[in-house]
Protein chains: 2
Amino acid sequence: MTEKKTTRVVILGGGFAGIAAARALGQQTKHDPSVEVHLISTENYFVFQPLLPEVVACGLEPSHIINPVRMLCPHVHIHCATVLGIDLNNQTVSLEGQDARRLFSLPYDQLMVGLGLTMDLSRMPGMSEHSLPIKTLGDAFHLRNHVLSKLEEADLEDDEQARRSSLTFVAVGGGFSGVETIAEINDMIKSVLKYYPRARACGARVVLVHSRDRILNELGDKLARFAERKMRGRGVEIILNARVKEATPAGVVLSNGDMIQAGTVICSIGNAPHPLIAQSPLPQERGRILVDEYLRVKDHANVWALGDNALVPDVSSGGYCAPTAQYAMRQGKVCASNMLATIRNQPLKQFSFGGLGQLAVVGHRCGVAHVFGINLSGILAWFLWRSVYLMKLPGLRCKIRVGIDWALDLFFPRDIAMIKVDRTKQLQRAHFREGETIIRQGEIGDKFYIIESGRVEVLRDEPAGTLHLLATLGAGDSFGEIALLKETPRTATVRCLEPVDVVIFSRKDFQQLAGSYSAFRDRVMVDLDDRELIPLDNSSTKGAI
Amino acid sequence: MTEKKTTRVVILGGGFAGIAAARALGQQTKHDPSVEVHLISTENYFVFQPLLPEVVACGLEPSHIINPVRMLCPHVHIHCATVLGIDLNNQTVSLEGQDARRLFSLPYDQLMVGLGLTMDLSRMPGMSEHSLPIKTLGDAFHLRNHVLSKLEEADLEDDEQARRSSLTFVAVGGGFSGVETIAEINDMIKSVLKYYPRARACGARVVLVHSRDRILNELGDKLARFAERKMRGRGVEIILNARVKEATPAGVVLSNGDMIQAGTVICSIGNAPHPLIAQSPLPQERGRILVDEYLRVKDHANVWALGDNALVPDVSSGGYCAPTAQYAMRQGKVCASNMLATIRNQPLKQFSFGGLGQLAVVGHRCGVAHVFGINLSGILAWFLWRSVYLMKLPGLRCKIRVGIDWALDLFFPRDIAMIKVDRTKQLQRAHFREGETIIRQGEIGDKFYIIESGRVEVLRDEPAGTLHLLATLGAGDSFGEIALLKETPRTATVRCLEPVDVVIFSRKDFQQLAGSYSAFRDRVMVDLDDRELIPLDNSSTKGAI
């Protein structure tokens with residue numbers, strides 16, 4: 001009897017591409033025990049991103065456009081975790097769980113990379129601190145609350161100039177996401193301003209800044225001009241051929257030197273390669289992985305790439321596929337088939353898809369569309385937009401909820417509740433009792449601790465299996481510093497000798513602190529030099545963990 | 001012609017009591033320009049608190065049980081702000097707006113205090129750091145995500161003990177809120193565990209800890225015993241006659257010395273007086289304001305108190321009213337009438353309400369109720385519970401949404417999406433351009449700044465109207481320290497001489513930091529001593545703002 005080997009497929013990323021691939025694979029392998037499908041997703045839900053602008057504008061509830069991954073992808077092993085590394089030689093990915101302390105590794109036979117893109121705003125000073133992105137559900141949620149908080153602020157404000165600034169909303173970037181977001185915000189503000197009597201008297205200013213000579217570059221000139229005209233007609237100020245040079249808490253400075261005082265700056269530009277891909281030896285061009293027409297990575301027989309992080313040849317046009325949801329979903333399906341075909345020694349299928357068209361909403365009941373070669377605009381395009389998205393939304397519950405939201409929208413005013421979910425805690429404290437372990441040897445360290453009260457012992461687990469006491473620390477002492485330099489497994493265990501209270505710093509807290517305040521840096525860094533960068537040895541390292 | 005004076009009524013608090021009063025006053029004064037009604041609410045929405053446990057258990061969406069205050073209370077001036085102080089002598093309240101920098105003051109003729117209660121867990125070490133409250137919508141949102149994250153974590157975890165701890169959920173306090181929350185969580189976990197194959201194998205442990213010999217003290221013995229039996233039958237472990245002595249990241253320690261390893265500790269105890277009331281000279285008993293049967297504060301002719309922060313005599317029983325929603329709503333209406341009657345020189349009405357009864361849900365389709373002197377239990381009580389709350393929910397949209405959620409619940413599994421809205425930023429940075437003002441003289445200071453790069457000038461606005469240069473600061477220098485000691489108006493303006501990057505600390509960040517790390521404290525506190533606690537004088541105070 002020969003033992004049949006299980007092939008493990010690991011999919012990285014829970015966006016349009018990864019979810020489509022996982023669903024297809026789960027479906028096709030549910031009766032095949034020889035294939036095991038694993039999906040790694042940072043969130044435990046899938047977000048239907050094209051509807052994010054409506055979430056921002058209080059038209060849809062955040063929870064209505066998402067779908068739990070575990071429900072969307074039956075027959076698939078789901079891991080809600082962040083991918084920390086891809087080891088192509090050992091065919092293993094490393095994952096970090098929810099509480100960012102434990103590291104897991106998952107070997108694979110076949111790997112599908114659908115991690116998408118990230119954002120990099122470092123070229124524009126102040127932009128990463130003072131602008132609000134619109135990429136994730138959390139971004140949409142925050143932006144919605146931020147816009148509403150500016151209306152509340154303006155209504156409370158006595159100073160005329162401060163009120164005007166609170167009521168100025170600027171979007172940077174005139175692509176689909178920027179245009180739809182600012183158009184929705186514009187309509188929303190116009191319709192809810194009646195609830196804010198003092199703000200209404202002042203009026204809102206809504207601005208779109210775009211670097212080219214027309215918005216929506218993806219669409220034809222005629223449609224883009226229509227969209228522009230409609231938006232201007234609804235009161236959106238569109239500034240073309242301008243870039244943002246600098247952002248501050250007061251607003252943005254444009255490349256022509258103009259300053260716009262604004263309480264809200266929305267950023268939809270600055271797409272950048274995913275750092276894991278940029279660092280990997282996978283063949284790539286401008287941060288996107290090079291694949292063949294079967295979606296297989298060049299020179300890597302068992303690695304596949306799809307979605308925005310892949311540069312997929314478009315067989316129909318001879319160019320490359322656009323980084324959009326419609327391509328990603330179809331790539332997911334084709335990639336799943338080809339991967340299975342490889343395992344089952346069947347012929348592969350070329351990826352070929354001409355695209356169905358483009359749709360955008362530029363205001364309430366007004367859209368623009370280019371579908372099957374035809375241009376549409378106005379209410380017809382808007383209706384098409386809603387129908388297509390309702391159809392494409394995965395899961396019946398999502399469809400019902402979004403459908404109901406859209407129906408309620410006909411009868412009720414928008415919901416202007418500014419849902420507060422922020423925690424006020426900035427630095428964290430923790431209390432431990434006698435005998436409890438604060439950090440454990442081998443866990444990944446990303447936190448630094450200062451003891452407020454109580455005593456702890458620092459122990460090292462020797463290969464022989466014995467625990468070796470390295471040091472005893474008390475109030476004012478600190479430990480866990482190595483984690484401040486890099487994420488690395490803890491080199492010792494810290495256990496409480498009595499009830500202990502600590503203040504906890506994350507690595508990021510500390511880097512900001514150490515990078516800026518010389519007093520703090522000098523003292524702690526000297527400690528680090530003395531204690532930690534010296535190779536670990538039991539006598540000299542007091543609390544170096 | 002005599003000028004008619006406008007009477008300004010200011011209501012503090014947007015809970016059941018404040019909203020009921022504001023709605024009644026708005027309605028009764030909408031054609032009366034001589035009365036102006038103002039409502040101060042920290043959130044811009046009203047939360048229907050009795051449904052929070054269902055939000056935690058993924059039965060209702062967070063946004064469905066809230067209603068924007070501006071829509072609920074037409075004809076009322078709404079201020080979304082936090083009350084910082086009540087000045088009874090000058091008849092003024094001071095408010096803090098959204099961004100916590102600007103202070104506003106609002107004079108009143110009549111004041112209604114409905115600020116509710118706060119939480120104080122300081123007597124139980126570790127409890128405020130390691131337990132999750134269930135008081136606000138934000139709490140419910142976090143608790144829901146926390147419970148789901150523990151399921152994700154348990155599914156990812158390799159270590160058996162860590163998995164068991166992730167799957168242990170403890171509620172402390174067996175009142176309505178604690179019982180309903182843990183009962184809902186218990187049912188939710190049981191129904192969604194099938195999506196977490198590795199967690200399911202281990203099973204969940206759900207525990208309720210209560211200090212008395214039976215839960216739900218507000219109900220009669222028979223009903224409470226029924227509730228207890230039902231919950232135990234559904235797998236909730238109920239520990240009676242036990243208090244929590246200590247909480248740590250690993251779990252809780254009970255008064256009998258037992259330790260429960262748990263990844264989730266929910267706290268529904270520790271009600272405490274609102275600090276503004278505790279500090280005020282208003283007559284009070286155990287932190288609740290003493291009022292007469294007309295809801296007027298004793299010895300304060302134009303101050304009224306209602307809701308949980310008032311000790312209202314119960315004319316029908318001879319005792320005091322219970323601090324519950326049904327009393328608060330009725331007090332709001334009566335208080336509004338009496339206040340208007342005072343202005344209009346009409347006779348006042350005594351507050352008299354015997355209470356309608358008590359309802360609680362102890363699991364899916366299982367409730368307990370004591371209404372009109374009758375005890376009900378099981379599905380009938382559960383149905384009554386849903387009907388009453390659906391009826392009591394303010395606003396048609398809320399009713400529709402909750403109704404739909406409850407209907408969908410019959411056909412769809414629970415939504416297990418763990419909505420991520422946390423921002424990762426811990427310490428904040430900001431970028432300013434030349435000429436911009438970082439802090440402005442007269443604004444309320446609650447932040448401290450360290451300059452990373454660039455130079456600023458420190459200016460004082462003299463009474464004569466001239467700006468006086470106090471100092472110039474550069475990289476490594478800090479300013480705004482006075483704000484670290486108390487919230488006080490800034491004593492000078494800081495303006496950028498060139499592009500400037502700063503790191504910003506909140507007062508709370510800094511206090512935690514300074515309180516624990518001696519190196520930091522020593523250096524900065526010495527600076528404070530030298531520069532700031534000395535009376536301000538232009539030569540010696542460099543950057544003391």
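**Conventions.** I noted that this is a predicted model, in which local features need pLDDT of at least 70, side-chain atom pairs count only at pLDDT 80 or more, and totals for chains, interfaces and linings use all residues. Residues are numbered from 1 along each chain as its sequence is written, while chains are lettered from A and ligands numbered from 1 in the order in which they are written.

**Confidence.** I read pLDDT as the predictor's confidence in each residue, from 0 to 100. Its mean for chain A is 86, and 89% of the residues reach 70 or more. Over residues 523-545 of chain A, however, the pLDDT is below 50. Where pLDDT is low, the predicted coordinates should not be read in detail. For the complex, the predictor gives an ipTM of 0.82 and a pTM of 0.84.

**Chain A overall.** I counted helices (H or I, at least four residues) and strands (E, at least two) as DSSP runs, numbered from the N terminus. Chain A has 16 helices and 36 strands. A residue is buried if 20 or more other C-beta atoms lie within 10 Å of its own, exposed if 12 or fewer, and partly exposed in between, with C-beta atoms placed from the backbone. By this rule 49% of the 545 residues of chain A are buried, and in H5(A) 17 of 20 are.

**A hairpin in chain A.** I called two strands paired if DSSP finds at least two bridges between them. Strand S31 (residues 456-461) and strand S32 (residues 467-473) of chain A are antiparallel and share 6 bridges. They form a hairpin with 5 residues between them, and Gly465(A) in the turn has a positive phi of about 100°. Within this pair, Val458(A) stands opposite Ala471(A). S31(A) is also joined by 4 bridges to strand S35 (residues 493-496) of chain A, again antiparallel; there Glu457(A) faces Arg495(A).

**A sheet in chain B.** I found an open sheet of 5 strands with parallel pairing, in the order S11-S18-S12-S13-S14. Strand S11 (132-133) and strand S14 (236-239) of chain B are the edges, each pairing on one side only. Inside chain B, strand S12 (residues 168-172) runs parallel to strand S18 (residues 264-267), with 4 bridges. Ala171(B) stands opposite Ile266(B) in S18(B).

Conventions
Two residues are in contact if their C-beta atoms, placed from the backbone, lie within 7 Å.
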